[in-house]
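Hi,

Here is the model I promised to pass on.

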Amino acid sequence: MKLLKQVFSDLTKELGWVVFYGFLTAIVLMVFILIGLSYSLVASQDSAIRRFTENNITLTQLRSTTYNTAPKLESLFFNPKQAETLDEYYLDVFSEQGNAGTYVIMPGRCGYQQVILLLGVYADLTSFTRNSSDAVTFAVSYDKKEFAPHTIEFNGIEYPLYIAPADMEVYHPLFYMNASSGMLKNTLFVFSRDFHAIKEIFPSSQYTELQGNPYANRLIFQAPTSQDITRMRNVITQSTGEYVTVQTISDFLKSSTESGVRTHQTYLLFYLMASCVLLGAMLINIYRVLKRKLSEYATHHLFGAPSSFIFARMFLFVLLYHVIPLAGVLFIMSVNQLATPQNLFVTFLAVFIILFSITSVCYRHFRALFLQGLRRE
């Protein structure tokens, strides 16, 4: 009780500075959390972009035309006798030997918030490594790892069910999803380079999302030739009456995303350096506050206060000094849905270790000065 009274007395003497320092520290710590969230998003997207550029990916986009029927387009694009159907085309390009890929999102299917089909080369463009020996690989989002069964059944056949990595993402320049955003929670991922197997597991007659031509909406190619592009345009235009534009991922990034990502990374680096400087200044401030009170601690120690009492008084002082900053951290973590037991434990453990270390340094300095003073006496 006596210890707490003395600690509160120490805080009262510093009340104005405690409040000012508390709000300043709370803002800086909250900035650290927000920078961490933002950097995680940028780093994840940057990793996905590198994966696309390293694989020389070409993007496509469907464009409406003034043509309404296929016969008007035949003379422009293909010989009708050699025309392929969409299914024939997809069976070839969404295969181990093919170089095309796409993904389709089916909301509220199979007991999950969503099912995401990643076909063709898209099956190998995420942070998850599929089992290449399987025609179809199933994985559940990381947030379901504690409750996910080991297998999943379709049409009476059981398939192994894997766990997607915590940093799972599905990247497309026009629509990017990653796990940290919450957009991939409670999700079943289906990876395959066997379009025939996908059609057997997910027949379009039972899944309305697969009716029509959903596979062309986010169609991509890995290092396509001019013949690949011409063939794709012929098939899609004949079947849908829409024209397809193509653009390499490198060209797309030069005109839009890449510069934005790099600018964002530069800002993050600046904010991170500024926050580190502020954090260093705050730690030095705590050290200076404790040093300023060493004479008072020495007086109490001289009149019989044991060493353990002095150390506890110093540590509780700096700990309570940070009540306002910790309250701010809790607030920003709860707002951003980060107030999980694990995150809270790590946060408080880090604060405890930092403050304990500063107190230990100051206490050693106090002991050295006190013993030096006694020797002089």
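Below is what I found in it, going from the whole chain down to single residues.

A quick word on the ground rules. This is a predicted model, so local features need pLDDT of at least 70 and side-chain atom pairs count only at pLDDT 80 or more, while totals for chains, interfaces and linings use all residues. Residues are numbered from 1 along each chain as its sequence is written, and side-chain values use heavy atoms, with hydrogens and water left out.

**The whole chain**

The protein chain has twelve helices and eleven strands (DSSP runs numbered from the N terminus: helices are H or I with at least four residues, strands are E with at least two). Of its 377 residues, 40% are buried; buried means under 20% relative accessible area, exposed means over 50%, and partly exposed is in between, with a 1.4 Å probe and protein chains only. The chain exposes about 20000 Å², and carbon and sulfur atoms supply 60% of that (areas come from the Shrake-Rupley method with a 1.4 Å probe, and for residues only the protein chains shown count as cover). Taking contacts between residues at least 6 apart in sequence, 75% join residues at least 24 apart; a contact means heavy atoms within 4.5 Å.

**The strands**

Start with β9 (residues 187–192). Six of its six residues are buried, so the strand is largely enclosed by the rest of the structure. In a regular strand the side chains alternate between the two faces of the sheet. In β9, Thr 187, Phe 189 and Phe 191 point one way and Leu 188, Val 190 and Ser 192 the other, all of them buried.

β9 has a parallel partner in β3, joined to it by six bridges (strands pair if DSSP finds at least two bridges between them). Within that pairing, Val 115 stands opposite Leu 188. β9 also pairs with β4 (residues 136–140), in the antiparallel sense and over five bridges, and here Ala 139 sits opposite Phe 189.

Ile 105 has Ile 116 in β3 as its bridge partner. The two strands form a hairpin with six residues between them, and Gly 108 in the turn has a positive phi of about 60°. β2 is largely enclosed by the rest of the structure too, because six of its eight residues are buried. β2 also pairs with β10, antiparallel and over two bridges, with Ala 100 opposite Phe 221 in β10.

Helix α4 (residues 86–93) has Leu 86, Tyr 89, Tyr 90 and Val 93 as its buried residues. Seen down the axis of α4, they fall within an arc of 95°, so they line one face of the helix; the arc is that of the directions from the helix axis to the C-beta atoms. An α-helix has 3.6 residues a turn, so residues three or four places apart point the same way. The buried residues of α4 pack against β2, α5 (195–201), β10 and α6.

Leu 219 is in the loop between α5 and β10 and counts as buried, at 0% relative accessibility. Its C-alpha atom is 6.7 Å from that of Leu 59, although the two are 160 residues apart along the chain. Leaving out residues up to four places away in sequence, Leu 219 touches several residues, among them Thr 58, Phe 94, Ala 100 and Met 232.

**Two backbone angles to look at**

Cys 110 has a positive phi of about 60° although it is not a glycine. Cys 110 lies in the loop between β2 (100–107) and β3 (114–120) and is partly exposed, with a relative accessible area of 32%. Ala 223 is another non-glycine with a positive phi, near 45°. Ala 223 is in the loop between β10 (220–222) and α6 (226–240), and is partly exposed at 42%.

**A nonpolar patch**

Finally, the surface. Phe 345, Val 346, Leu 349, Phe 352, Ile 353 and Phe 356 form a nonpolar patch there, with about 560 Å² of accessible area together. Patches are made of residues with over 30% relative accessible area and no salt bridge, with like charges joined within 9 Å and nonpolar side chains (Val, Leu, Ile, Met, Phe, Trp, Tyr) within 5 Å; a salt bridge is a side-chain nitrogen of Lys or Arg within 4 Å of a carboxyl oxygen of Asp or Glu. Ile 353 lies in helix α12 (residues 341–376) and counts as partly exposed, at 45% relative accessibility.

Cheers
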